[in-house]
Amino acid sequence: MHTASDVTQLIGNTPLLHLKQVSEKTGCTILGKAEFLNPGGSVKDRTALGIIRAAEASGELRPGGRIVEGTAGNTGIGLTLLANALGYTSSVVMPITQSKEKIDSLELLGADLHLVAATSYKDPNHYIHTAQRLAEKMAAREEHGAIWARQFDNLANMEIHNRTTGTEIWQQTDGKVDGFICAVGTGGTLAGVSTALKDRNPKVTIGLADPSGASLYEYFRSGELVASDGNSIIEGIGINHVTDNVARAKVDVAFNISDEEALPYIFDLLRYEGLCMGGSAAINIAGAVRLAEHLGPGHTIVTILCDYGNRYQSKLFNPVFLENKGLPVPEWLVI
């Protein structure tokens with residue numbers, strides 16, 4: 001009998017999905033790693049598991065302890081699910097600008113949710129700094145202690161992606177992967193997967209897909225941390241500082257991707273291939289197309305399908321919201 005002993009056994013080993021339209025468009029084989037199939041519905045389940053297991057191993061996270069994190073939502077969802085399953089409690093600090101669906105999900109799961117104003121990273125009231133202060137406060141008063149998950153600078157993040165995500169991609173492509181690309185939220189996926197693939201074949205091309213208004217496109221091009229023009233409605237990606245995980249990413253080429261360029265890819269993916277994906281997948285697929293054009297036809301390129309689109313339905317699939325932002329609205333969504 002083959003069974004999973006608990007929810008942690010359901011994380012990872014996600015399939016690679018052939019993306020038909022963009023593969024035909026570019027003459028490359030473009031594959032999406034179906035991270036939306038993780039139990040918490042996103043790639044961040046891996047991050048959450050890696051952080052918890054590392055904290056347990058170090059003795060920092062004790063039985064019955066509390067896990068505190070600042071997050072755009074998905075890591076908080078993963079941490080809360082795992083906390084429920086493993087006997088911990090969770091507190092999540094999140095910008096109030098994040099989607100209603102993610103806020104509702106965290107409340108449903110029982111997270112101790114703290115919504116804060118969206119500010120720049122330099123502001124002491126930024127959600128990451130707020131989470132750090134909350135963790136320190138709770139560590140002093142909680143009977144079983146509390147930890148700050150610290151996903152942006154905690155190298156357990158990239159390490160689990162090295163050990164699992166990158167290794168899976170290599171095995172699933174029989175080592176015939178030519179390129180990998182994704183956007184950055186914390187840098188854990190990009191750093192971990194790039195390390196895993198480059199260690200096996202230094203010739204694999206690693207790309208960064210950076211949304212408008214973020215700074216890593218210019219950072220990896222010139223070393224200057226300068227924000228690109230414009231802005232993006234995409235949640236959970238696009239940062240303006242170099243995290244400890246980002247610093248370890250092995251990037252060969254970077255692309256600046258606008259929402260106008262990216263969103264049609266997920267609209268077409270839903271309409272013609274039956275997959276409803278979130279905005280980060282749009283940036284990733286657009287980046288994969290750019291990388292395919294950079295490498296030329298005949299290559300195999302992998303990207304990440306991070307989470308389901310219904311987590312952002314009130315924004316990404318809301319024609320009024322899109323029109324107000326001056327963004328493309330698919331014909332089938334027009335009221």
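Helix axes here are lines fitted to C-alpha atoms over the stretch in contact, and the angle between two of them runs from 0 to 180 degrees between N-to-C directions. The model is predicted.

With that, take helix H3, residues 74-86, and helix H4, residues 100-109. Their axes lie 10 Å apart and the packing angle is about 10 degrees. Angles under 35 degrees count as roughly parallel, so H3 and H4 are roughly parallel to each other. On the H3 side, the contact is made by Asn74, Gly76, Ile77, Thr80, Leu81 and Asn84; on the H4 side, by Lys102, Ser105, Leu106 and Leu109. By type, that contact has four nonpolar residues, five polar and one charged.

Next, helix H5, residues 127-141. At 1.5 Å a residue, its 15 residues should span 21 Å, and the end C-alpha atoms are 21 Å apart, which agrees. Buried residues in H5 include Ile128, Ala131, Leu134, Ala135 and Met138. Among the elements covering the buried residues of H5 are strands E3 (66-70), E4 (89-95), E5 (112-116) and E6 (146-148).

Now the cores. The largest nonpolar core has 41 residues, and the members touching the most others are Ile30, Leu263 and Ile266. Elements that each supply at least two of its residues include strand E2 (29-34), helix H9 (259-273) and helix H10 (279-295). H10 gives the largest share, nine residues. What does Ile30 touch, leaving aside residues up to four places away in sequence? Its contacts include Leu17, Leu19 and Val22, and also Ala288, Val289, Ala292 and Ile301. A second, separate core has 25 residues, among them Val43, Cys182, Leu208 and Ile304.

Conventions:
Residues are numbered from 1 along each chain as its sequence is written. This is a predicted model: local features need pLDDT of at least 70, side-chain atom pairs count only at pLDDT 80 or more; totals for chains, interfaces and linings use all residues. Side-chain values use heavy atoms; hydrogens and water are left out. A nonpolar core is a set of buried Ala, Val, Leu, Ile, Met, Phe, Trp, Tyr and Cys residues joined through side-chain atoms within 4.5 Å. Buried means under 20% relative accessible area, exposed over 50%, partly exposed in between (1.4 Å probe, protein chains only). Helices (H or I, at least four residues) and strands (E, at least two) are DSSP runs, numbered from the N terminus. Contact means heavy atoms within 4.5 Å. The expected span of a helix is 1.5 Å times one less than its number of residues. Angles under 35 degrees count as roughly parallel, over 145 as roughly antiparallel, 65 to 115 as roughly perpendicular and the rest as oblique. Ala, Val, Leu, Ile, Met, Phe, Trp, Tyr, Cys and Pro count as nonpolar, Asp, Glu, Lys and Arg as charged, and the others, Gly among them, as polar.
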